Amino acid sequence: MSQTQTSTAGTKPGRTLSIIGAVLGVLALVVLPIVLGPIGAVLGFVAHSKGDKPFGLYVGIGSIVTTIVGMALGAALVMGMS
């Protein structure tokens, strides 16, 4: 009997989570930063714990930063309109 194995050559576990987290982090700059930023951070840190060591950590920290920047941009936009 032969066993079939799927190989994920060249990909790290958690890379998909890192990529989704990065996209959500970037979107947090302009759309719903209080929602998308923390989700991106959580996905980045989960990806980091699953083995995507450098990139997952960077995504988690970057999503936190983009959340803060997105909220600041939103506040500046609201203050500028009034």
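Trainee: What conventions apply here?

Mentor: The model is predicted; local features need pLDDT of at least 70, side-chain atom pairs count only at pLDDT 80 or more, and totals for chains, interfaces and linings use all residues. Residues are numbered from 1 along each chain as its sequence is written, and side-chain values use heavy atoms, with hydrogens and water left out.

Trainee: How many helices and strands does the chain have?

Mentor: Helices (H or I, at least four residues) and strands (E, at least two) are DSSP runs, numbered from the N terminus. The chain has three helices and zero strands, in the pattern α-α-α.

Trainee: What span should helix H2 have?

Mentor: The expected span is 1.5 Å times one less than the number of residues. H2 (residues 33–49) has 17 residues and should span 24 Å; its end C-alpha atoms are 24 Å apart, which agrees. After H2 comes glycine 51, with a positive phi near 120 degrees.

Trainee: Which residues of H2 are buried?

Mentor: Buried means under 20% relative accessible area, exposed over 50%, and partly exposed in between (1.4 Å probe, protein chains only). In H2 the buried residues are Pro33, Leu36, Gly37, Gly40, Ala41, Leu43, Gly44 and Ala47. Seen down the axis, they fall within an arc of 165 degrees, so they line one face of H2; the arc is that of the directions from the helix axis to the C-beta atoms. The face turned away from the buried side carries the exposed residues Ile34, Val42 and Ser49.

Trainee: Why can residues apart in sequence point the same way?

Mentor: An α-helix has 3.6 residues a turn, so residues three or four places apart point the same way.

Trainee: Which residues are buried in H1?

Mentor: Ser18, Gly21, Leu24 and Gly25 are the buried residues of H1. Their arc is only 130 degrees around the axis, which puts them on the same side of H1. Thr16 and Val26 are exposed on the other side of H1.

Trainee: What do the buried residues of H2 pack against?

Mentor: They pack against helix H1 (15–27) and H3. The cover over the buried residues of H1 includes H2 and H3.

Trainee: Where does serine 63 lie, and what does serine 63 touch?

Mentor: Contact means heavy atoms within 4.5 Å. Serine 63 lies in helix H3 (residues 53–81) and is buried, with a relative accessible area of 1%. Not counting residues up to four places away in sequence, serine 63 touches Gly21, Gly25, Gly37, Gly40 and Ala41.
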